[in-house]
Amino acid sequence: MSALLEVSGVSVTFDGFRAINNLSFEIGPAELRAIIGPNGAGKTTFMDIVTGKTKPDEGRILWGELGRSLLKMNEAQIAREGIGRKFQKPTVFEDQSVQENLLMALKKDRGPFRVLFWKPAGEDLDRVADLAEEIGLAEELTRKSGELSHGQKQWLEIGMLLAQEPRLLLVDEPAAGMTPAEREHTTEILVEAARTRAVVVVEHDMEFIRRLDCRVTVLHEGSVLAEGSLDHVTADQQVIDVYLGR
Ligand SMILES: Nc1ncnc2c1ncn2[C@@H]1O[C@H](COP(=O)(O)OP(=O)(O)OP(=O)(O)O)[C@@H](O)[C@H]1O
């Protein structure tokens with residue numbers, strides 16, 4: 001199986017400091033991957049590079065079956081290629097219902113006039129109902145999003161990203177601030193989403209990562225320190241020294 005995303009030899013320097021240092025790794029087309037590492041390891045910068053927010057000084061990032069260079073694309077082009085990113089803080093439209101938020105996020109031609117005159121078709125409503133089911137908000141469709149719990153808002157935002165049918169979803173610390181039950185449901189959503197697309201999760205919570213039951217990449221000083229199952233990487237002495245032992 002060829003990679004969906006192939007990062008090789010990527011480096012980024014901020015004011016003389018190498019935040020990403022000769023970073024190389026691959027992500028498969030329907031893969032769930034966790035990225036862990038100490039503060040400052042380069043996890044956020046890695047996501048900034050993949051989404052086009054930060055341009056590396058060197059290296060290459062190849063995307064899709066055709067192996068096209070992501071580094072030649074701007075942020076909007078990368079988003080259109082199907083790379084979605086979920087930041088830590090949910091950014092749903094609080095005055096709109098769950099259904100309205102999901103409808104707005106559907107992958108459609110949304111020029112200014114289309115939005116003005118747009119009426120949701122039956123197929124859009126069906127798709128929204130499926131998405132709501134997938135994120136566990138089927139009973140909340142008519143509720144105002146501002147009334148949802150923190151966990152539910154996070155799920156809604158994941159649903160809004162899934163509505164755009166991304167091929168790669170980058171998720172930053174999804175478990176932060178969630179109750180144990182919410183975390184468990186979040187795990188289920190991400191595992192399910194990764195059946196048909198790549199999902200990369202940056203997270204510090206080891207229990208959460210254990211439940212994801214996926215390949216783990218450990219970053220340290222902008223490079224891959226270890227990679228493999230959670231049991232494999234947590235038994236690695238270097239990982240214990242720089243991350244777990246702290
Ligand atoms: N725009 C910037 N200018 C200068 N230094 C930066 C910039 N962005 C990141 N850095 C530095 O690069 C390093 C990597 O930061 P990054 O945020 O990617 O780490 P991280 O692994 O996401 O950490 P955390 O777990 O704390 O979120 C840090 O030392 C950070 O201070």
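Here are some friendly notes on the predicted model above, point by point.

1. Two ground rules first. Residue numbers start from 1 along each chain as its sequence is written. This is a predicted model, in which local features need pLDDT of at least 70 and side-chain atom pairs count only at pLDDT 80 or more, while totals for chains, interfaces and linings use all residues.

2. Overall build. The protein has 10 helices and 10 strands (DSSP runs numbered from the N terminus: helices are H or I with at least four residues, strands are E with at least two). Its C-alpha trace spans about 55 × 40 × 35 Å along the principal axes.

3. Of the 246 residues, 39% count as buried (20 or more other C-beta atoms within 10 Å of a residue's own; exposed means 12 or fewer, partly exposed in between, with C-beta atoms placed from the backbone). Among contacts with a separation of 6 or more, 67% join residues 24 or more positions apart (a contact means C-beta atoms, placed from the backbone, within 7 Å).

4. The core. The largest nonpolar core holds 66 residues, and Leu-102, Leu-190, Val-199 and Val-218 have the most contacts inside it (such a core is a set of buried Ala, Val, Leu, Ile, Met, Phe, Trp, Tyr and Cys residues joined through C-beta atoms within 7 Å). Beyond its neighbours within four places in sequence, Leu-190 touches residues including Leu-32, Val-171 and Leu-212.

5. The ligand shell. Residues around the ligand include Phe-14, Asp-15, Asn-39, Lys-43 and Thr-44 (C-beta atom, placed from the backbone, within 6 Å). By class the shell has three nonpolar, six polar and two charged residues (Ala, Val, Leu, Ile, Met, Phe, Trp, Tyr, Cys and Pro are nonpolar; Asp, Glu, Lys and Arg charged; the others, Gly among them, polar). Helix α1, residues 43–50, gives the largest share, three residues.

6. Helix α1 itself. Seven of its eight residues are buried, so α1 is largely enclosed by the rest of the structure. Lys-43 and Asp-48 are among the buried ones. Gly-52 follows α1 and has a positive phi, near 85 degrees.

7. An exposed spot. Asp-213 sits in the loop between α8 (206–212) and β9 (215–220). Asp-213 counts as exposed because it has 12 other C-beta atoms within 10 Å. C-alpha to C-alpha, Asp-213 and Val-191 are 8.8 Å apart in space and 22 residues apart in sequence.

Notes
Contact = placed C-beta atoms within 7 Å.
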